[in-house]
Each structure stands twice: as C-alpha cells, then as structure tokens.
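This report concerns selected side-chain features of one protein chain. The sequence and structure are shown below.

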Amino acid sequence: KRKRTDRHDPRAFTLIELTVVLALVAMLLAVATATAAAWRPARAVARVPITLALSARPPRPKPVRRSAVVAVLLIAAGVGCLRLAKQSNPPYIIAGTLATAVGLLFLGPLAIRVLAAAGARLPVAPRLALRDLARHQARSGAALAAISLALAIPVAIVISAAAQAYTTAEGNLSDRQLMIMVGRTPGIPERSPAELASMEARVRSYAATLGNPTMIPLDKGYDPAARPQLDPGGGPAWRPSVFLAVPSGPNRFTTDGDMTLYVGTPELLHYYGIDPGGISPDVDVLSTHHGQDLRLLSAASKEFPAARTAPLKAQGYMSVPASLLTPAALQRNGWSAVRVGWFVEAAKPLTAAQLAAARDLAVDAGLTVESRDTQTSLLVLRSTATAIGAALALAVLALTVGLIRAEAAGDLRTLTATGASRRIRRTLTATTAGGLALLGALLGITVAYAALAAGYGHLSALRQVPVVDLTVTAVGVPLLAAIAGWLLAGREPGSLTRPRLE
C-alpha cells in the first residue's frame, strides 16, 4: 500500500508547481532556441565562399563528432543536476532543464545523420528527402531541437501526471466499493434510533439493486462524557469520536485518513477473515499500523494512553477501514458505539447508473457517498498536454519543412524535368515532415523519461506508463505530419529553365 504521505511530501514540488516551472522554462527556451536557430545558419552562410554560393550547392556537412560529445556532456550534466535537485531545489531544476534542452540542440545533427543512414535502402524519393536533411543539417538540426523540446515538455507533464495516478490496487476505493456515511464531520452526527433505522432501510434497498453485494454496517466509538458540539453549518450536533493518532511531539498528535477508528463489529471482522474469539482481551486496536507508537484520544479525557495493537491485513485502499477498535477496548474505557455508515462492495464494477442512484440516495436520505476517485483532473491534464505538444510540434514543422525543401529546390526541378510525377514530389515533403517529427518524438520521450527518472531518483516512480498519450506522440504526430506534407505538397515548380536566386 502506498502511504499518503508520499503524495503530500512538503519538500517535493506539486504537479501544479512543476507545470508552472516547466512553462516558464519553455518560454525562456523558446527565445534561446529561436536565437540559436537563426545564429548558426547566418554564421555558416557568412563563411561560404562566393563561388560556392553562386553554384547554389550547400556546403559539405561537417563531422558531427564534436557536437555529439557536447550533446552527451550537456545532457549528462542536466540529468545530474536534476538528480541532485531531488524535486526540491529550484536552481538545480532550472539548470538541469536548460542543460538538457541545449544538449538536444547539439544532438540534432547526429540524429539526422543516423536517420539518413538508416534510410539508405529506401526508394529514391524517401532516400533523397532524408539525404537532403543530412545535407542541410544546420537548419534541420535546429528544427529537430525545437520539435524535440516542443514534445519533451508536454511528455514530461504527461509522465508526471501518470506517476501521480492510482493503479487499480490503489486509491481511496476500488470501482466496486462505496462508503455511505451519515454526515460529513469527522465526528458522529447525533441521530435518533428511528432516523438511523430509516437510513439503513434505504441503504439496504439500494444495495439490493446491486445483486448480492457485501454490506457491512460501520460503527464508531465515542465517550459519553464528551459534550456534543454544534455543527458550524447549521446541521445536527455531533459527538467527537475516539480516534487513533501517532505522537508528533510533546502532547501533540497527528492522524491520517487511513487511521480512522471504526468499531470491530462481527461483520467487519468477518470481512477481514478474523475470528472474534481469537482476539486477545488485552488488545485495544487491530491496525495495519501495528508496531508503531499509537495513541487513543478522547475529547473527554486528558490522558493519551498507548494503544495495544494487533496486526490487521491491509486492503490496499485508503478509505476502507484500516484500524478497528475492539469491543473489549470499548467496554474497558466506558465508551459507546453508534452507527455512522455502511460499507458496500459489489461483485462487479459499479456502473454509471448505479453510481448516479447512490448519489440520489444520498441527497434524499441526508447521507454522503464516497466512490472511487477517477482523478478526472489528471486525465484532462494529460489530454491537454498531449494535444498542445502535438499542435506545437506540427506548427514548428510547418515553419521549417518549407525552408528545408526550398534549399533542395534544385533537385526538385531536376526531378520534375526528368518526368517525376506529383506523387514523387508529395513523397519528398511527406518524408521530410514525417522523419523530423519521428526523430523529435523519440528524442523528446527519451529525454523526458531520463530527466524525470533523475528527478524522482528511481524508475519505480514512473512504472505507470501513459501508453495512449505516448503512442499519440510517437506515432500520431509523425503520421499527421506526413499526411499534412503529402496533402500540401505536389505543386510543380514555377520555372524549370533557370535556378531561383536567393
């Protein structure tokens, strides 16, 4: 079972803070990447001899070994900074993100050369498109870095959101369980026996519609000497319940949701597979927190006695009763028990109609219903980040593919003059766009996983892989880019007799 404190570590960045930091870094990198993309081609053009410029032939690509070494060093430094940051040191996080992004810029030419070499056995048109990317690697490398960065940031957000999501064995409840409670306060709302009997009849009537579910009444203990307290919301008065806590300092205690103390009724003990006769009379609490220094707290008592505990098998869900007060402890301390709710577990996952009926029951009977938290906000965040990343990557491609193909206009005129069909011209543009998008998606996903693994400190935190979102990024974006390139290309060059002066 994952402890709740793992999700609320005050030293760690929350998902919203991480999103804000990444958005600010993206704005800075957008300016830096655009500047680098303009500076490197201008510097290269200034060094081209006049005769070579008039020949309209691009300069011979330089070896990429130096840029590859710089890329590896920068990415390694960025990952190292993120590892040292441990999600709680903003300067290291910013430095690591910047170093990783700049490393992507230097990694672009090497990745393009590898892609061109991999397409050596392709048909003529795709092979020519990939060769042109390698010939004009200064511009295509900058474009690839921009695409990789445009995809790496939303992919990092998607992976982080997936890491925060519950697995099927985690969360507040399973998709077959309901907690139907009387009132909203952590105490015990005062209800008459007739009101409780009416509520239980309504709950049993609803449970009968679920087939043959498990329905367990839930009781809490309270001290009759404690005075009832008024509900701030104007509802019925309520009694403070006896609860379980962990000492956090001198006369200070903390409690958590999975330490809510319910009475170990025979039905609840049977659900856990415990024989009531096998519980020692000296035991106060059956708890999944057995072995810790636990205390019993009552509003009417100034003493905080240590709870004598016995182990209880964890059920894996935070809202399922995880600490049970034994009947012997109730009797020994002079406390009373009263009905506070019902735990319902169906044989099959609850449908939307059954959940809606449970909510209607809660409204009509004055109850509250807790079902499985589907974490809709995380799903929306993942979908939005994926869509924005795809749109941004396609926008970068739209701005750069035309420039790259314009540099190879001479080859296109030659192909057209020798009878190349519109299909060949479409294939050139589609291969250029699809190849850049594929490389950008692969680099973005790889770098995002490396950075997040360093930030979390271990890969186990990223064990939940957002398969659908990553598939859309790695397959959908290149496919959309290729389709758009195919549909928008194919126009015959305006002049076949003279080269265009630039």
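## Burial of F343

Is F343 buried or exposed, and what is its relative accessible area? In this predicted model, F343 has a relative accessible area of 1%. Burial requires a value under 20%, so F343 is classed as buried.

## Aromatic cluster

The structure contains 2 aromatic pairs. One of them joins Y271 and Y272 in an edge-to-face arrangement, with a centre-to-centre distance of 5.6 Å and an angle of 90 degrees between the ring planes. Y272 has a relative accessibility of 11% and therefore counts as buried.

Y271 also pairs with F343: the ring centres are 5.4 Å apart. Planes over 60 degrees apart count as edge-to-face; those of Y271 and F343 stand at 70 degrees, so this pair is edge-to-face. Y271, Y272 and F343 together make up one aromatic cluster.

## Nonpolar surface patch

On the surface, a nonpolar patch is formed by L479, I483, W486, L487 and L488.

The relative accessibility of L488 is 75%. The threshold for an exposed residue is over 50%, and L488 therefore counts as exposed.

Definitions and conventions:
Residues numbered from 1 in each chain as written. Predicted model: local features only at pLDDT ≥ 70, side-chain atom pairs only at ≥ 80, totals over all residues. Heavy atoms only, no water. Phe/Tyr/Trp six-rings, centres within 6.5 Å; stacked < 30°, edge-to-face > 60°. Buried < 20%, exposed > 50% of the residue type's maximum accessible area, 1.4 Å probe, protein only. Patch = residues over 30% accessible without salt bridge, like charges linked within 9 Å, V, L, I, M, F, W, Y side chains within 5 Å. Areas by Shrake-Rupley, 256 points an atom, 1.4 Å probe, with all protein chains shown as cover. Salt bridge = Lys/Arg side-chain N within 4 Å of Asp/Glu carboxyl O.
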